Amino acid sequence: MNEREIEAIVKQVLDGMRDPSALSGSAAKATGAIPKTSRVAMLTALENYEIKEFPIPEVGDDDILVKVEGCGICGTDAHEFKRDPFGLIPLVLGHEGTGEIVKMGKNVKQDSAGKPLKLGDKVVTCMIFKDNPDITMFDLNKQNVGGADVYGLLPDDDIHLNGWFSDYLFIRGGSTVFNVSDLDLKSRILIEPCAVLIHAVERAKTTGILRFNSRVVVQGCGPIGLICIAILKTMGIQHIVAVDGEQKRLDFAKELGASASVNFKEYKGIEALAGAVKDAFGGYLADFAFQCTGSPVAHSNIYKFIRNGGGLCELGFFINGGDATINPHFDICSKEITTVGSWVYTLRDYATTFDFLKSAKDIGLPLDKLITHTYPLEKINEAHRTNLAMEGLKIAIINE
Ligand SMILES: [Zn+2]
């Protein structure tokens, strides 16, 4: 910044003191002051975000204003971008976000886990309970986010700052907020997708089959399958076989804890593929399997990887991917397979996720490498196209 620019900003700030509406975004940034308006990336039509600017509302006694640092792009965002299956357009998307508290109401003292909150703390949000703001997280072991609202999937309203693809997020009283100041930015961006897998592993544990020395197969090495592998590794499970058709993803699966990998493109037919999985376990079928793809064929195949009396967690179908064919006699009855489905997460899973991220870091798992591409907010259309092209793993918007 040269002297003339500094002078211009000083003048603008002085003008702003006389007339606060004169304080533009750049001058506000230079002074650390909160600007009058915030940019948001609003999805206004299919495959089209527009950067819009809205006034930042007055922060009420129970509200929190967060300066957004970054937000991951989720598969859900990709579906909204392409097809708007929830009929939400126009809206501000982005639910895998995090940022810093810059203003809070006088009633806000602690987060949803009871941790103190102050200005400057880094936070994430989880569910919004519009109807019952008194609910606390420890009543919520069984309440799943499937039945609640989240920022980033709300219809537009007169507040507008409703999603994390934005410069500021306006958190209303009755929302769940967590103080995650002890996690770095990339870890914080990965909290939401990791919570999905913490939940899946908790569901898997209810079968009683997943144990310390289990042989576990993880089918599908997109972000969901890769995070699954990292969680299993962090839990101490040593025998993890990753199955995917992309060698690059399989190599990364090994960095995140897989002991062996199987590229399904190298095998013709399910018998040969099941044989390869068995070989990868040293001549055994899997005790437990996680199905992390959205492919019905992959669902049909996975039973062949599981031993008699084994277990399966199916978590790949976040949208309707069509019907899968199985043989109930061979695949379920005669093998006595125990199957669980998994759907998003509870608040308890969210809190567990913070500990998982710290443990994963402690044992040296390079989870941050999951974020392969970052874009500034104004390039959000490009970021989504990169996501749809499946060129990377996790794509994130990072605000400067
Ligand atoms: Zn998500």
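**Close-up views of a predicted model**

**View 1. Helices α3 and α12 pack against each other in this predicted model.** Helix α3 (residues 75-83) meets helix α12 (residues 380-388) at an angle of about 105 degrees, and their axes lie 10 Å apart; axes are lines fitted to C-alpha atoms, for helices over the stretch in contact, and angles run from 0 to 180 degrees between N-to-C directions. The two helices, α3 and α12, are therefore roughly perpendicular to each other, a term for angles of 65 to 115 degrees. Ala-78, Phe-81 and Lys-82 in α3 meet His-384, Asn-387 and Leu-388 in α12, where contact requires that the C-beta atoms of two residues, placed from the backbone, lie within 7 Å. By class, the contact of α3 with α12 has 3 nonpolar, 2 polar and 1 charged residues; Ala, Val, Leu, Ile, Met, Phe, Trp, Tyr, Cys and Pro count as nonpolar, Asp, Glu, Lys and Arg as charged, and the others, Gly among them, as polar.

Residues are numbered from 1 along each chain as its sequence is written. Because the model is predicted, local features need pLDDT of at least 70 and side-chain atom pairs count only at pLDDT 80 or more, while totals for chains, interfaces and linings use all residues.

**View 2. Helix α3 has a buried side and an exposed face.** Asp-77, Glu-80 and Phe-81 are the buried residues of α3, buried meaning that 20 or more other C-beta atoms lie within 10 Å of a residue's own, and exposed that 12 or fewer do. They cover an arc of only 100 degrees around the axis, which puts them on the same side of α3; the arc is that of the directions from the helix axis to the C-beta atoms. These buried residues pack against β1 (37-45) and α12, whereas the face turned away from them carries the exposed residues Lys-82 and Arg-83. After α3 comes Asp-84, whose phi is positive, near 50 degrees.

**View 3. Six strands form an open, parallel sheet.** The strands stand in the order β12-β11-β10-β13-β14-β15; strands (E, at least two residues) and helices (H or I, at least four) are DSSP runs, numbered from the N terminus, and two strands pair if DSSP finds at least two bridges between them. At the edges, β12 (260-263) and β15 (338-341) each have a single partner strand, so one side of each is left without a neighbour in the sheet. From one strand to the next, the twist averages 20 degrees. Strand β13 (residues 286-291) is joined to the parallel strand β14 (residues 306-314) by 5 bridges, and Ala-286 has Ile-306 in β14 as its bridge partner. Helix α5 (residues 191-205) packs on the sheet, touching β13, β14 and β15, with its direction at about 145 degrees to that of β14. Helix α8 (residues 270-280) also packs on the sheet, touching β10 (215-219), β11 (239-244), β12 and β13, and its direction makes about 170 degrees with that of β12.

**View 4. Strand β8 pairs with strand β3.** The two strands, β3 (residues 64-72) and β8, run antiparallel and are joined by 4 bridges, with Leu-65 standing opposite Phe-170 in β8. Along β8 (residues 168-171), Tyr-168 and Phe-170 point one way and Leu-169 and Ile-171 the other way, and all are buried.

How values were computed. Parallel < 35°, antiparallel > 145°, perpendicular 65-115°, else oblique.
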